[in-house]
Number of protein chains: 2
Amino acid sequence: MDPDFARLDEYLDENGLEGYAFHDDASNSDLYYVTGFSAPDPLFAVYTPEATGILTSSLEYGRAKTEGRAGVVKRLSDYDFHAKREDHDSETAYALVVDEFLADLGCDSVAVQRRFPVGVADDLRDNGVNVTVDDDGVVSDVRATKTDEEIEHVRTAQRANEAAMARAEELIRGADVDDDGHLVHDGDVLTSEDVKEAIEIELLRHGCALDETIVACGRDAADPHDRGSGPLAAGEFVIVDIFPRDKDTKYHSDMTRTFLNGDPTDTQQEWYDVTEEAYRAALDAVEPGVSGEDVNQAVVDVYDDHGFPTIYTDPETETGFIHSTGHGVGLDVHEKPSLARDGEQLRPGHVITIEPGLYDPDVGGVRIEDIVVVTEDGYENLTDYDISLSN
Amino acid sequence: MDPDFARLDEYLDENGLEGYAFHDDASNSDLYYVTGFSAPDPLFAVYTPEATGILTSSLEYGRAKTEGRAGVVKRLSDYDFHAKREDHDSETAYALVVDEFLADLGCDSVAVQRRFPVGVADDLRDNGVNVTVDDDGVVSDVRATKTDEEIEHVRTAQRANEAAMARAEELIRGADVDDDGHLVHDGDVLTSEDVKEAIEIELLRHGCALDETIVACGRDAADPHDRGSGPLAAGEFVIVDIFPRDKDTKYHSDMTRTFLNGDPTDTQQEWYDVTEEAYRAALDAVEPGVSGEDVNQAVVDVYDDHGFPTIYTDPETETGFIHSTGHGVGLDVHEKPSLARDGEQLRPGHVITIEPGLYDPDVGGVRIEDIVVVTEDGYENLTDYDISLSN
């Protein structure tokens, strides 16, 4: 992968800064994107238009050289860290090493993310380095536009996602119903946890890791962030939202379907149909040059036309459409661009979700989510999975 | 769980600070420990000796109130965030909200972790809040000492770990060997990836999540951070290092065994025996009042007596004992105390690993790791798994 850093170079130039620095671990996707390397423990790295440098422990040195894209890889011991430790505490010694490393890269003014650790920032500033916070997140902005290779990575994760969704659908739709109205599989009450386990095993088999999966039924489904727990019931919406990360490439996918075992009530069917209409309206709106806000507005308009509240038409509402239409997906499962109020302009190569939904504790929740890539003349849907509510 | 924050109160008092602030997501264990709450997106929280407060989005508000331990839970909308957004950019509006929140808690000077985001720190300082970096990590220090309930959580994770290790051992030791010297299971060459998948499925079935597992054979095993890949070979060390997190409690365990299918060479047997001797020497040294450095030294002495290099006797060595003896385990898989050079004094309730090992690309790697809790008069081993190299 060979990212285009022209936009980052421009940012540094405009702000009179020489580099863009990181001090973080594998959780920082901007750092990984810039260096092609990540490690479980925090490391220091700096991008300059001339070279990218990594400063790491001896333990990670070999991997940083072979796996990463940085032209300059140094160890703490290359700057006599242990000798400095004899005269200074660990933090001060580390800051002195970072100073020398930055000097080697000809860099004494750096931009940093808002999340850059204040401990390191204060130490660098004490040593005369200009540390300027990049409030806009220019690297996140650069990596929102995916290369063809990155799009392939998302596609691969999405294939795993579809296999896992099929397992979930099979369990939920294939379940019997007991006298209490609970779903039953192989003679046992089927729980949210059972379905999550089946999903996660399928994802593992496809080389994916995952932190969380949502299988939320009834009232659980009415809270978009609830992961779901306990027995699943017939005649209720079950939201299944899966967002795996391919272990190999580190890219995510993201998809949601809502299933119902039994016959939906008129209200349930209406909720589903209106949400599907909102989903189609959003997709119809997706093309380069349109803003994420416009796509979100297309969803809001559909819900509003059908008399459902939204947080955009009534900021106080706790029912109806109470989140945004979507978000970028890549190294992070939530990244730029945002399909929400103030959502930025869509560009070819943006990989985004479209995920309208309705929520009310008295009814439950419904959400339909696909993942698509913005193309030169519209979009390509990366999702290959049916949309249908009941058996 | 009811942590004892006396030590944190003392720290604040000594430093003339009114609170300890966080702005972070679920990855920050200090934040979770203090508030009993975590969310996928960053939230602001502050501990004061009088009350703990969380400031969050509307989406997480309900969960923060029911799941967390904070006495004060506020939403951005409680401080008119949206109105502030009309006159300010998002970051400035947020900082104004945080200021009002801190004022509500009677707090205008805060300690923060080194990892606290510089973007938020700069904004708070611009608004006159005293933000002081806590270089020593006092909260990590507090949570190093576990309550009985926390020790039970580790024990539960360790039972899952043992079940997963048994699956790995069964696959490796039960394997046939083909003409190329590769391990074979059910007619297929057995790979590191196969064993990791079996481990991870077993962990999922026991309610555990995990980021990584190490199944490293031959040269892979000679690098303590290599996760391992490809076919496993007979007559080679296979290091299996498993460190699951219980999804429910969020506590980890950590254990390593080294297996060998076939007959070990004299060198392999010697490496294993000396490592087991080092492991026993370390355990013998564990008791309250002894330092982590002392326990580490017990391991170094054994290896040194047998003529193996260590980074403590030869800082430049790339073979032999090239890491430290252990670390604390809890909400993080690596936390305080450290059993290394400068390792702090052990206290009852510290949960630590003991994990000596030897590494050389020409031989491979061997490591034996148990997890134990320091007690009033020694330690209790939380690990229940045999130590033996070959079939």
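**Exercise 1.** Show why H8(B) and H9(B) are roughly antiparallel to each other, and identify the residues through which H8(B) and H9(B) meet.

*Solution.* The model is predicted, so local features need pLDDT of at least 70 and side-chain atom pairs count only at pLDDT 80 or more, whereas totals for chains, interfaces and linings use all residues. Residues are numbered from 1 along each chain as its sequence is written, chains are lettered from A and ligands numbered from 1 in the order in which they are written, and side-chain values use heavy atoms, with hydrogens and water left out.

Step 1. The elements are helix H8 (residues 148–173) and helix H9 (residues 192–205) of chain B. Helices (H or I, at least four residues) and strands (E, at least two) are DSSP runs, numbered from the N terminus.

Step 2. The helices pack at an angle of about 150 degrees, and their axes are 8 Å apart. Axes are lines fitted to C-alpha atoms, for helices over the stretch in contact, and angles run from 0 to 180 degrees between N-to-C directions.

Step 3. H8(B) and H9(B) are therefore roughly antiparallel (under 35 degrees is roughly parallel, over 145 roughly antiparallel, 65 to 115 roughly perpendicular, the rest oblique).

Step 4. From H8(B), B:Ala160, B:Asn161, B:Ala163, B:Ala164, B:Arg167, B:Ala168, B:Leu171 and B:Ile172 take part; their partners in H9(B) are B:Val195, B:Ala198, B:Ile199, B:Glu202 and B:Leu203. Contact means heavy atoms within 4.5 Å.

Step 5. These contact residues comprise 10 nonpolar, 1 polar and 2 charged (Ala, Val, Leu, Ile, Met, Phe, Trp, Tyr, Cys and Pro are nonpolar; Asp, Glu, Lys and Arg charged; the others, Gly among them, polar).

**Exercise 2.** Determine how chain B is laid on chain A.

**Exercise 3.** How much area do chain B and chain A bury between them, and which three residues of chain B supply more than any other three?

*Solution.* Step 1. Chain B contributes 39 residues to the contact and chain A 40 residues.

Step 1. About 3200 Å² is buried between the chains, 49% of it on carbon and sulfur atoms (accessible area, 1.4 Å probe, that two parts lose on being put together, summed over both).

Step 2. Of the area that chain B buries against chain A, 21% comes from B:Arg114, B:Val118 and B:His225, more than from any other three residues.

How values were computed:
Copies are superposed by least squares on the C-alpha atoms of residues with pLDDT of at least 70 in both.
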